Amino acid sequence: MKIVIAPDSFKESLSAEKCAQAIKAGFADVFPDAEYVCLPIADGGEGTVDAMVAATGGRIVHLNVTGPMGDTVQAFYGLTGNGKTAIIEMAAASGLMLVAPEARNPMMASSYGTGELIRHALDAGIRHIILGIGGSATVDGGTGMAEALGARLLDAQGNSLTGNGETLTRLARIDMTSLDPRLNECEIEVACDVDNPLTGPRGAAAVFGPQKGATPEMVAALELGLVNYARVLEALTGKDFSVLPGGGAAGGMGVAAGVFLNATLKPGIEIVLKAVKLDQAMAQATFVITGEGRIDSQTAGGKAPVGVANIARQHNVPVIGIAGVLGDGVEVVHQHGIDVVFSILPRLAPLADVLADGEANVYYCARNIASTLKLGQRVG
């Protein structure tokens, strides 16, 4: 029996690597003689650097940058084994996990630190960048990142603005003359984990604002700001970015990457799965186990579990999904190759306890799934 284990991280609870090992431990208690292939993955959010560095034999670069709420945070990015490509997680500099729940405020949060990571990679001579944009604390349209790379954000009177969600409604013009010229020498790929547009009912404010601490009043204000931002960008470029698939990812960073970095948006999971060689690992697999912190209707929009299932389906390999939470519309994932889904939660508990117990809950869930399969073999 060959079991491929390819989970994403469980946000704010468990890394993809620890999740994979917990699943393996649970199954190995029941099937000790099975062959286990652990391939921790990511789809552009937390864990993308770890997955890509491990897959290529690269290394991690550590540095201090400006955090989402303006304080200094310890961040990092990865370099591939050949030293020619930087893998940058927006979450490492501008991530939701860097802000305490009670302090989360997407009106004030900025992606400036992500721009500092990009600038550091440019200073190191890197000209190929993979930018993962999941897990951000921001809905600033990527203006903070642009500001860090030299763009000037101006109001109607020509005064400079700070890039954050609150200033988007006052933004009148963007001066690109001082934007870092080295960006023109770069190939930048954006690993995007959703296909949401910048504005509208599926846009950055409506869908992701509440996840980042936005009240209904903030969501309305952010939406007005993003609509204004789209108008400013259209005046600057002649293009309507409000409906760009993936443009609303990471609070609008998808749009900013296209405008300021001349980047190409790609499904993040495709980039990572190619690097970890999941397709090759599927050969002769009995089944594959994948998962992430939440599986729901959004999982079908480019998230890691469905990316794994797409490759498994090409090899006729059954797929088991596990998650901390099974949310609204979870049944849609069955149409995308995930055969069964399980929640790891054994009981109702406060969120802090659930996050702290993630590793143990994944282990027991995996062991129970394995025991059920073992029982099925005996009954059969």
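I started with the sheet: six strands make an open sheet, ordered 3-4-5-6-9-10, with mixed pairing. The model is predicted; I took local features at pLDDT of at least 70, side-chain atom pairs only at pLDDT 80 or more, and totals for chains, interfaces and linings over all residues. Residue numbers run from 1 along each chain as its sequence is written, and side-chain values use heavy atoms, without hydrogens and water.

My terms: helices (H or I, at least four residues) and strands (E, at least two) are DSSP runs numbered from the N terminus. Strands pair if DSSP finds at least two bridges between them.

Axes are lines fitted to C-alpha atoms, for helices over the stretch in contact; angles run from 0 to 180 degrees between N-to-C directions.

I then checked strand 4 (residues 72–79) against strand 5 (residues 85–89): they run antiparallel, joined by two bridges. Leu-79 faces Ala-86 of strand 5.

Helix 2 (residues 48–56) packs on this sheet and touches strands 3, 4, 5 and 6 (128–132). Contact means heavy atoms within 4.5 Å. The direction of helix 2 makes about 155° with that of strand 5.

**Helix pair**

Next I looked at helix 1 (residues 16–30) and helix 13 (residues 358–379). They pack at about 35°, axes 7 Å apart. Among the contact residues are Ala-22 and Phe-27 of helix 1, and Tyr-363 and Leu-373 of helix 13.
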